[in-house]
Amino acid sequence: MGRIQLKSVTKKFGDVEVIPPLDLTIQDGEFTVFVGPSGCGKSTLLRLIAGLEDITSGNIDIDGADATDVPPAKRGLAMVFQSYALYPHMTVRKNIAFPLRMAKLDQAEIDRRVEGAADVLNLTDYLDRRPGQLSGGQRQRVAIGRAIVREPAAFLFDEPLSNLDAALRVGMRLEISELHKRLATTMIYVTHDQVEAMTMADKIVVLQAGVIEQVGSPLELYKTPRNLFVAGFIGSPKMNFIAGEEAAKHDAHTIGVRPEHLEVSDSSGTWSGVVGVSEHLGSDTFFHIHETGLADTITVRAGGEVGFNHGDRIYLTPRADVIHRFDAKGLRIE
Ligand SMILES: Nc1ncnc2c1ncn2[C@@H]1O[C@H](COP(=O)(O)OP(=O)(O)O)[C@@H](O)[C@H]1O
Ligand SMILES: [Mg+2]
């Protein structure tokens, strides 16, 4: 179980309304990611769900029961933070067992749960070590283990991978996704990184200034962003936005074209421009094109084998079926 419903939830810090009335339902077993720029209210929202902050108005239901006034420890949710907060003098086994010892479970049950979690997290061989003898990724797994043994209705993750280096982050991302498949427990995961959101989520909630801009699967957000904010936030490199006459031709105030939806040619095309910086990733090349008369820079994503030089004049043709159209308010035109 782990269905979480926010009903007209608001949060003020003093006079500042950080979360205007917000409604959201997270289904049992879903992997939901809250994503948005720093300061948009992701952590606040997660802490409201956890009960670590009081909501200013509205209700939170967990599995159909009103949990608004239920203290955090009784909500059946387990939070995993960016800082692992492990006890340095305790072994991995004791660290993982800690919440169960606090809850005074009997020793056989504690051992069963700790060994089960260690197995799921590949920590069995490390149970007698101390945190100082572990890598960053292993420490993060111990912190997750401590959440797993509580057998929560839902896991709440607040940017748990931000302290890890890039390669480890990719590895842990996969591990958490696999863990979700194995446990099939509701997970809410907060990140400012849209790649993490796209790769991990069943459902993404895009937030800006405490407001939900869109809720949908990764591909829904990629294919049909509701507005300019979501269009610009989801996808890397960012969508190109073109206003003015060129957009008017498409009956729009602004059109959006993703870098991967521009065909490049050295001889002909709809638009033309001059190559500025090229970024060679091996598999792909990103070209930053200037002097198009469309926008300061148009970014193109081409194959790794495509080679243009700085200063070359090239031609661009957008794929007609994937041009996004937006009105003067920045809302998607279907
Ligand atoms: N305890 C607090 N007191 C006052 N303002 C806060 C407090 N916690 C967060 N805020 C403000 O609420 C907004 C959202 O913060 P936060 O939820 O931490 O954003 P995010 O996690 O998306 O970066 C920010 O403007 C932040 O300054
Ligand atoms: Mg935060």
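This is a predicted model: local features need pLDDT of at least 70, side-chain atom pairs count only at pLDDT 80 or more; totals for chains, interfaces and linings use all residues.
A crossing counts as right-handed if the near helix is turned clockwise from the far one by less than a right angle.

**Entry 1, α2 against α4.** I looked up helix α2 (residues 92–102) and found that its axis and that of α4 come within 7 Å and cross at roughly 35°. On the α2 side I listed V92, N95, I96 and P99, and on the α4 side V142, G145 and R146, as the residues that make the contact. Sorted by class, this contact of α2 with α4 has four nonpolar, two polar and one charged residues.

I then turned to helix α3 (residues 107–120), whose axis and that of α2 come within 10 Å and cross at roughly 130°. Angles over 145 degrees count as roughly antiparallel and those from 65 to 115 as roughly perpendicular, and α2 and α3 are therefore oblique to each other. I recorded that α2 passes α3 in a right-handed crossing. In this pairing R93, I96, A97, L100 and R101 of α2 meet I110, D111, R113, V114 and E115 of α3. By class I find five nonpolar, no polar and five charged residues in the contact of α2 with α3.

Next I checked helix α4 (residues 136–148) with helix α5 (residues 166–183), which pack at an angle of about 20° with their axes 11 Å apart. Angles under 35 degrees count as roughly parallel, which makes α4 roughly parallel to α5. I noted a right-handed crossing where α4 passes α5. The contact is made by G136, G137, Q140, R141, I144 and I148 of α4, together with L168, M172, E175, I176, L179 and L183 of α5. I sorted the contact of α4 with α5 by class as well, and it has seven nonpolar, three polar and two charged residues.

Finally I looked up which residues surround ligand 1, and I wrote down F13, V18, P37, S38, G39, C40, G41, K42, S43 and T44. For the backbone I went through individual distances: a backbone N or O atom of G39 lies 2.6 Å from an oxygen atom of ligand 1, while for C40 a backbone N or O atom lies 3.2 Å from an oxygen atom of ligand 1. For G41 I noted a backbone N or O atom 3.0 Å from an oxygen atom of ligand 1.

Definitions and conventions:
Residues are numbered from 1 along each chain as its sequence is written. Chains are lettered from A and ligands numbered from 1 in the order in which they are written. Side-chain values use heavy atoms; hydrogens and water are left out. Axes are lines fitted to C-alpha atoms, for helices over the stretch in contact, and angles run from 0 to 180 degrees between N-to-C directions. Helices (H or I, at least four residues) and strands (E, at least two) are DSSP runs, numbered from the N terminus. Contact means heavy atoms within 4.5 Å. Ala, Val, Leu, Ile, Met, Phe, Trp, Tyr, Cys and Pro count as nonpolar, Asp, Glu, Lys and Arg as charged, and the others, Gly among them, as polar. A residue is near a molecule or strand if one of its heavy atoms lies within 4 Å of it. A polar contact is a pair of N or O atoms within 3.5 Å; within protein, one must be able to donate a hydrogen and the other to accept it, and residues adjacent in sequence count only if both atoms are side-chain atoms.
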